[in-house]
Amino acid sequence: MSGFQHFWEQGDAIIRSVAALLLLMSVSAWVVIFWKGWLLRRVRADIARAVPAFWAASDLAAGREQLAAFDRESVLQPLLLAATATPSLNTLEARGHVDSQLTRRLRDALHGVLGQLQYGQVLLASIGSTAPFIGLFGTVWGIYHALASISAAGSITIERVSGPVGEALVMTAAGLAVAIPAVLAYNIFGKRVGACEAELEGFAHDLREMIGDAAVSARQP
């Protein structure tokens, strides 16, 4: 701790800015990690309970009530709303084939839900890919700053060099400490979002089949 304190006190504005940036990136990454871990756990639990409850309902109105009760993060209800929506008259949407209208609405709703689930992934990927280089920049600048100070003092020995250089290497370690959790979380969350996406696509497909068949039956005399 004393070594880092000495490094901080001896560092210039650039070193302190790099350290503050790494700290901000670390805090941001961990906030997203905890939030997305909580969110995706709820979403997976909601899907596991809501989908069977919906299909076990006696009619569409009862199924909508089941979704409202179990779908806490609103990832399934937008799909049902899109499937049961009625296009406005005298619009291009209303002139299309019923199956095409249904497919387009479900696709748009699914994209919106997936965007909600993927929120924060870009931040984790950016932190994971840039933090090591930011830390390395801090190390290089710290070594340069330390060697310049030692050179100006006019006395260069291994003892005078090893201390400042070792302290500067802390920045590289800090960059890795920020990047590794972000990369691991990005990969884990990507897998979980993919699993949720497969479940949502299956639900959207089943809705399309049910609503589409009902629409065809309604058109037949």
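Me: How many aromatic pairs does the structure hold?
Reply: Six aromatic pairs. Keep in mind that this is a predicted model.

Me: Ok, take Trp35 and Tyr119. How do their rings sit, and why is the pair called that?
Reply: They are edge-to-face, because the planes of the two rings are at 90° and planes over 60 degrees apart get that label. The ring centres of Trp35 and Tyr119 are 6.0 Å apart.

Me: Where in the chain are Trp35 and Tyr119?
Reply: Trp35 is in helix α2, residues 13-55, while Tyr119 is in the loop between α6 and α7. Those parts are 84 residues apart in sequence, so the pair ties them together.

Me: And Tyr119, buried or exposed?
Reply: Tyr119 is exposed, at 59% relative accessibility. Trp35 comes out as partly exposed, with 33%.

Me: What about Trp55 and Phe203, what kind of pair do they make?
Reply: Another edge-to-face one, with 65° between the planes and 6.1 Å from centre to centre. This pair also links distant parts of the chain: Trp55 is in helix α2, Phe203 is in helix α9, and they are 148 residues apart.

Me: Is Phe203 buried or exposed?
Reply: Phe203 is buried, with a relative accessible area of 2%.

Me: Which residues do ring pairs link into a cluster?
Reply: Phe54, Trp55 and Phe203.

Me: New topic. How many helices and strands are there?
Reply: Nine helices and zero strands.

Me: How much of the chain counts as buried?
Reply: 34% of its 221 residues.

Me: And the largest nonpolar core, how many residues is that?
Reply: It has 45 residues. The ones with the most contacts inside that core are Leu76, Leu79, Leu117 and Leu200.

Me: Which elements give two or more residues to it?
Reply: α2, α4, α6, α7 and α9 do. The most comes from α2, which gives 14 residues. As a general point, nonpolar side chains tend to be buried together in soluble globular proteins.

Me: Let's look at α6. Which of its residues are buried?
Reply: The buried ones are Gln101, Leu102, Arg105, Leu106, Ala109, Leu110, Val113, Leu114 and Leu117.

Me: What length should α6 span?
Reply: Its 20 residues should span 28 Å, at 1.5 Å a residue. The end C-alpha atoms are 29 Å apart, which agrees.

Me: Last one, the surface. Which residues form a nonpolar patch there?
Reply: Leu176, Ile180, Leu184 and Ile188 do, with about 360 Å² of accessible area together.

Me: Where is Ile180, and how accessible is it?
Reply: Ile180 is in helix α9, residues 170-219. Its relative accessibility is 49%, so Ile180 counts as partly exposed.

Terms used: Residues numbered from 1 in each chain as written. Predicted model: local features only at pLDDT ≥ 70, side-chain atom pairs only at ≥ 80, totals over all residues. Heavy atoms only, no water. Patch = residues over 30% accessible without salt bridge, like charges linked within 9 Å, V, L, I, M, F, W, Y side chains within 5 Å. Areas by Shrake-Rupley, 256 points an atom, 1.4 Å probe, with all protein chains shown as cover. Salt bridge = Lys/Arg side-chain N within 4 Å of Asp/Glu carboxyl O. Helix = DSSP H or I, 4+ residues; strand = E, 2+ residues; numbered from the N terminus. Buried < 20%, exposed > 50% of the residue type's maximum accessible area, 1.4 Å probe, protein only. Expected span 1.5 Å × (residues − 1). Phe/Tyr/Trp six-rings, centres within 6.5 Å; stacked < 30°, edge-to-face > 60°. Core = buried A, V, L, I, M, F, W, Y, C linked by side-chain atoms within 4.5 Å.
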